[in-house]
Structure formats: C-alpha cells, structure tokens
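The exercises below are meant for a reader meeting this structure for the opening time, and each task is followed by a solution that goes step by step. Please keep the sequence and the structure in view while working through them.

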Amino acid sequence: MSESVPGGAHTGGATLAAENAGRSGPGPFDPARLRDRFPIFRPEGPNAGLVYLDSAATAQRPDVVLDAINDFYRDDNANVHRGLYELSRRATERFEEARSTVARFIGARDTAEVVWTRGTTEGINLVAATWGAGNVGPGDEILLTMLDHHSNVVPWQLLARRVGARLRYVDIDESGRLRLDQLDAALKGPVKLVALNHVSNALGTINPVAEVVERARSAGARVLVDGAQGAPHLPVDVEALGCDFYALSAHKMGGPMGIGALWARRELLDAMPPYQGGGEMIDVVHPDESTWAELPHKFEAGTPNVGGAVGMAAAVDFVQSLTPAAVKEHESRLVAYGLERLGRVAGLRLFGPAEPEDRIAVFSFAMQGVHPHDVATILDAQGIAVRAGHHCTQPLMRRLGVPATTRASCWVYNTTDEIDRLVEGLEEAARVFG
Amino acid sequence: MIDRSTPALGDLFQDIILEHYRRPRNKGALQDATVNVHMNNPTCGDEVHLHLVVEEGVVRDVAFEGEGCSISQSSISMMTQMLKGQPVEEGLRLAERFKEMMHGDADAAKDKALRDARALAGVSKFPTRVKCALLGWDAFEEAVERQG
C-alpha cells in the first residue's frame, strides 16, 4: 500500500493550498472570491447569480475536484490491484494515495481501516449487515436518536427485524439538542450499539459525540457515527471522538457523488464477515469456498470507483487548504448572521439550537400560513435554491409537529449577502400569501 | 425583486387557488362514507384522506381531510366541488381531463367542466409541482377502483 506525501504532485488541492497561503495567509478567507473556484457559479454559465442554499443535500464541487477526476481518467486510468503494467501500477497508486488522504483527514491511525463505499448510506448498511448480524441478537437493543437521518434508521430497522432486536430513541429538547439526561437510563438496557449523526442534517445541531461515546463505552455499547454532515463542517478525529465506526460521503464536502468512506477499528473489521462477494475481496477461491483478502479489500468487491476516490481525495485536500480555523470562523459568522436575520422575519419559526456554538449554518424553519413547498417555489422563482420537505427525517418532523420544513443550508462559498437575499425572498413569500 | 405580476409566479399562485387553500370546501370527515382512501406523496409529505359516498354509480357526497401545500390542498378542494353529485364515470372523465391540463394541453385548460380547477393550469409550467396538483385525483381514482 502506498503511503505517499499528502496532496502529492497529482492533487490540485496542494496547489490551492499554496495559493491560499500566498494570497491571504492563515485567517478568514473570502467566500465571495472562493466562489471563483466553483465552476457551477461562473458568471457566464447557466447558473449565473444562483443563490445556492442546499449544500446539506449536496455541495458544489471546486475546480480542483473536477480536474482531479478528469486527469485520472485522461492520464492514469486502468483497473487497480491487477495489471502488472506501469499504467495499472499508477492507477493503483492514485487509488491508494486517495485512501491515505481520507485516512489522515479523519485521524485514522491505520489506512487499512478505511473502506471505500458508495457513501454514508452504504457505509451504515455495511456495518448493519456484517457487524450487526454477528453482534446483535434477539432482545438486544440499538439506540438511535430523534435527529437521525433515514439512512441511520432504516438499516437498523432491517437488522432489528432480521435478528429480533429492538430500536430505542434518545429524544431531543425544545431547541433540538439531544436529551443527554435520557442517555444513561437508556444505556441500562441491553444496548449493543448507539448510532447517531455527528451533525443533524435537518436542524444543524452539532451532537456531543465524544460525550455520548464515553457513556456508551462504559455501558459496553459500540458507537457508529453518521458523519455525512460532520466532515464538511467540523474537524474529524475518529480517535479523539472514540467511536467505533464513522461513515462519510464525498459529495457533501465538494467531492463527487457515489463515493464515500467507512472507517472502523481494525479489530472490528477483522472479525466482520465480508459485505459483498466478488473480485478484489478474495484471497483464494475454490469451487465450494473462498478465503478473504486483507483489510480493507475484504470489503471492496468488484471494480471500485477509482475516479471517485481520487475526486474525494482532491475534495479533502481542498477543504484542508482552507484551514479548519478559517472554515469555522466563516461558519460562525454565517450562523450568527442567519439566526439574527431569520429571527426577525415575521411569522417565521426557526428550529434547532439558538446558541451559535451548538450548530452549523443549516437553517430549518416554518412560515406561518405558507407551506414549505410554496416557500421553496417562490424562492426558486427568485433564483434561490433551498430544500423543502422532511429531509429524510420523518420521525423528527413528527416530533417537531410539522409535516415538513424549509431548509437553507450553507457551505464555504455562501455569503451573508445571500442570507439577505433569502430573507428578502421570504418576505416576498409572506406577501404572496399575505 | 419579483412580485405577483411576474408571469411565472402569478400563474401559479392565483387568488382563487389561495382562496381554496385558506377556505377549503368539503373539508372534514364523512360518517356514512362507502369508501375511504389515504394517499400521500412520500417525497414531500403532502397527504389526503378522501371520503366518498357512492351509490348506484353516483358520487352522492365527498369530503377530505389532509395537509400539504397550497397546490395540493386547493386542487383537492376544487375536485370535491366538481365531483359532488356526478356519476362516477363523469368523475373519471374529469380526472383524465385534469391530467391532460397538467401535461400542458391548452384545450383541457379551457374546458368549463373543470370549473375552478382551470386556475391550476399554470402548474403545468412547474414540473416539480404537478404531483401536488394530482394527489387528490389519484386518490379519487384509487377510491373508484376500491369501490369496484
């Protein structure tokens, strides 16, 4: 396995890091200038002037990611881990370099603990189907939270039905934070696994994962973290969090769709049976039985999404080039500004924590007398893209007592001016329905 | 800044639509219903419980309960006005006509039989919202099928 230098010669992210360092040095970056790195926003393109506030659904991709994918297929494409020729060796190197980049990004000690997946959803399904089938039995409990996305609910429902286990939920308080006071009581049961998201996609709540892990561990439960919304917004250190599984998606953080990673502790991966069978994941195949490849390949049947992996690594390099402190400062500014501006819109009920430090710049709200779909259509007519619906969190919507919400979600390229545009758009919606 | 006079939005949120949304007709339960259908749109959560009294092939009474956007709820309200007292066969014909209008058929949009629902013709220009307008009609067709 290759362990080459981070952001090596092939990765555009290193170039950007150098440019950023040369241009502004450490400190706050300028989101308006950063937009120039995202071709989808180019003024001469089909989306000129678009106010894109749906990055929690999928973020836009910077040029370095598009270039990295293109460069891979143009210069380095061959199947990986097979060919004995130079081109295949190079493709394999790019693929395994990408894995190392992701491993470093999430603080994994061992690159072999990083398994490529199609995304967070597949990572969770992998754990449910393999670890779950071997470790969760009749009468056992899986502890979820009211903030979980369907992708961190339904795989556990399927497992629970298959093995006769039960699902329980940690509730939220009135501001959309986990009721940690319920956690210890819930952990007194035969809980085998606690599954929660790092950050709520629907409310933007940042969950106190390390604290949940500490209590879960004392109770002998494993912890899976759905990191889909964590990785784009927060520094991730799986060892510091102390969790057992961490799943993430590239497309929420500027990488391509259809690729993601699952991190799990080596001893767990070693004990887990394979997920899917096929090429790449075997050691020796006999007519009636087979042995498995070394980690992490045991979990990677079939030709992998190599271009996707290379693109994900470029996205990681891009995010890191912005420096975590600058991203955090930018995010805090958007959160404070959004809470203040949206808080003054008449008839608007904002969900999620009121304290800026407890949330990311995801604003979920309901407007008096205007259904979220109508809000979204009126905003769309003004060139503002938001999501309206249940955000794949139907239990949470029921808990909040609403059928749906409108959600405006930000990433690194969004500006306070765009929040002003959103507020003007909402005032327009109120006028149309007034 | 865009206002109600902007063609696209004005087409969609016409006064008569907002009026049905705020004051839906035939909303509520129906004690002696002969058929009840629940239908929802899983992508957005809009839902309708449609209650019908069908006797000798005629829709004697109709009511609905539901929750959703202005387009889905006004469309259902308008539909109940149209269906009440009509033969089931005529109801099915109106459903077809309404769908034609949603697919942009200009003749259907002028069909007086569609009454208030003609105001929804503009929805055809908003492909993401066509499903909202069809929810009630889909429920009606399902009810007819169940009633047999």
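**Exercise 1: the two domains of chain A**

About 2,200 Å² is the area buried between domain 1 of chain A and domain 2 of chain A, with carbon and sulfur atoms giving 62% of it; buried area is the accessible area (1.4 Å probe) that two parts lose on being put together, summed over both. This is a predicted model, in which local features need pLDDT of at least 70 and side-chain atom pairs count only at pLDDT 80 or more, while totals for chains, interfaces and linings use all residues. Residues are numbered from 1 along each chain as its sequence is written, chains are lettered from A and ligands numbered from 1 in the order in which they are written, and side-chain values use heavy atoms, with hydrogens and water left out.

Solution. Begin with the bounds, which are 91–319 for domain 1 and 324–433 for domain 2 of chain A, as given by an automatic or database domain assignment. The centres of these two domains, taken over C-alpha atoms, are separated by 28 Å. The contact takes 25 residues from domain 1 and 26 residues from domain 2 of chain A, where contact means heavy atoms within 4.5 Å. Next, look at the side of domain 1, where A:H150, A:L203 and A:H233 lose the most area to domain 2 of chain A, together 28% of what that side buries. Finally, turn to charge: the count between the two domains is 4 salt bridges, a salt bridge being a side-chain nitrogen of Lys or Arg within 4 Å of a carboxyl oxygen of Asp or Glu. The side chains of A:R177 and A:E355 meet in a salt bridge, at 3.6 Å from N to O.

**Exercise 2: a link within chain A**

Task: explain why the salt bridge between A:K192 and A:D140 ties together parts that are apart in sequence.

Solution. The closest N and O atoms of A:K192 and A:D140 are 3.0 Å apart. A:K192 lies in strand 5 (residues 191–197) and A:D140 in the loop between helix 5 (120–135) and strand 3 (141–145) of chain A, so the pair ties together parts that are 52 residues apart in sequence.

**Exercise 3: chain A against chain B**

Task: work out what chain A brings to its interface with chain B.

Solution. In this interface, 19 residues of chain A are in contact with 21 residues of chain B, and the area buried between the chains is about 1,600 Å². The rule finds 1 salt bridge across the interface; the side chains of B:R129 and A:D374 meet in a salt bridge at 2.8 Å, N to O. Helix 13 (372–380) and helix 15 (416–433) of chain A each supply at least two residues of the side that touches chain B, and the largest share of that side, 5 residues, comes from helix 15.

Terms used. Helices (H or I, at least four residues) and strands (E, at least two) are DSSP runs, numbered from the N terminus.
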